[in-house]
Amino acid sequence: MRSLIIAIALASVCGLAAAEPASQADPVGELVTSKGLMSRLEGVRQNMSSVASELVVNAMGFLGVRYKYGGNDLEDGVDCSGFVRAIYEQTLGMVLPRRAAEQARATQTISQDELKPGDLVFFNTMRSAFSHVGIYIGDNKFIHAPRSGAQVRVEDMRQSYWVKRFNGARRVDAGAGNIPLPLPR
């Protein structure tokens, strides 16, 4: 994330530098060009959007899979955290903790207005914080494994049920590789 902020700042500087008359020397522009930072910025942008797209497309492949408490796969069924864990492992090779509350602790807190496809959304559905998790897919919608007797589906976060129970949003640091599992207590 820090690299992205630096890259955006450099891009802004480059945009300002490009607006200057050509007759003036542009040491910042020369540095950016000589280091190949503009092409790296474009690569970072494309990689981030393709990762989010892959996560969402992979998650959509689970639509209709039955809910199964403790489930982790398409054949046997999934529960909410098993669904999220399976998507991140299959798509990015990242191993998230098994339980929703552990996933919340292992990821970066973001505000709801910062949500991007692939981020995690958490809800208090069992009278305890972070008892339910889903994957944000954009346009105030998320995909999740809701409960026994149901199947993986897309829901609108603006529905009153979800608004009342929203616990927070989190972002998985894709640059971190595998997230370590918490030590047993």
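This is a predicted model: local features need pLDDT of at least 70, side-chain atom pairs count only at pLDDT 80 or more; totals for chains, interfaces and linings use all residues.
Figure 1. M60 has a relative accessible area of 31%, so it counts as partly exposed.

**Figure 2. The protein chain as a whole, for orientation.** The chain contains six helices and eight strands. Read along the sequence, these elements follow the pattern α-α-α-β-β-α-α-β-β-β-β-β-α-β. The chain has 185 residues, and 39% of them are buried. Its accessible surface is about 10800 Å², and carbon and sulfur atoms account for 54% of that area. Among contacts with a separation of 6 or more, 54% are between residues 24 or more positions apart.

**Figure 3. The open sheet of six strands.** In what order do the strands of the open sheet lie? The order is β3-β8-β4-β5-β6-β7, and the pairing is antiparallel. The edge strands are β3, residues 108-110, and β7, residues 153-156, each of which pairs on one side only. On average, neighbouring strands of the sheet are turned by 40 degrees against each other, with direction ignored. Helix α4, residues 80-92, packs on this sheet and touches β4, β5 and β6. The direction of helix α4 makes about 50 degrees with that of β5. In general, strands of a sheet pair through backbone hydrogen bonds, in a parallel or an antiparallel way.

**Figure 4. Strand β5 and its two partners.** Strand β5 runs over residues 132-138 and pairs with strand β4, residues 120-123. The two strands are antiparallel and share four bridges. Within this pair, V121 has G134 of β5 as its bridge partner, and F123 stands opposite H132 of β5. Strand β5 also pairs with β6, again in the antiparallel sense, through three bridges. Here I135 stands opposite I143 in β6. Is strand β5 mostly covered or mostly open? Strand β5 is mostly covered, as seven of its seven residues are buried.

**Figure 5. The turn between β5 and β6.** Strands β5 and β6 form a hairpin, with two residues between them. D139 lies in the turn and has a positive phi of about 55 degrees. The relative accessible area of D139 is 56%, so this residue counts as exposed. D139 also forms a salt bridge with K141, and the closest N and O atoms of the two are 3.6 Å apart.

**Figure 6. A network of salt bridges around K141.** Which residues are linked in the network? They are D139, K141, D156 and R158. Besides its bridge to D139, K141 forms a salt bridge with D156, with the closest N and O atoms 3.5 Å apart. K141 is in strand β6 and D156 is in strand β7, so this pair links distant parts of the chain, 15 residues apart. The relative accessibility of K141 is 25%, which means that K141 is partly exposed. D156 is buried, because its relative accessibility is 17% and the limit for buried is under 20%. In general, side chains of opposite charge can pair when their charged atoms come close.

**Figure 7. A salt bridge between R153 and E155.** The structure holds six salt bridges, and one of them joins the side chains of E155 and R153. The distance from N to O in this bridge is 2.6 Å. Are E155 and R153 buried or partly exposed? E155 is buried, because its relative accessible area is 10%. R153 has a relative accessible area of 31%, so R153 is partly exposed.

Terms used
Residues are numbered from 1 along each chain as its sequence is written. Side-chain values use heavy atoms; hydrogens and water are left out. Buried means under 20% relative accessible area, exposed over 50%, partly exposed in between (1.4 Å probe, protein chains only). Contact means heavy atoms within 4.5 Å. Accessible areas come from the Shrake-Rupley method with a 1.4 Å probe; for residues, only the protein chains shown count as cover. Two strands pair if DSSP finds at least two bridges between them. Axes are lines fitted to C-alpha atoms, for helices over the stretch in contact, and angles run from 0 to 180 degrees between N-to-C directions. A salt bridge is a side-chain nitrogen of Lys or Arg within 4 Å of a carboxyl oxygen of Asp or Glu.
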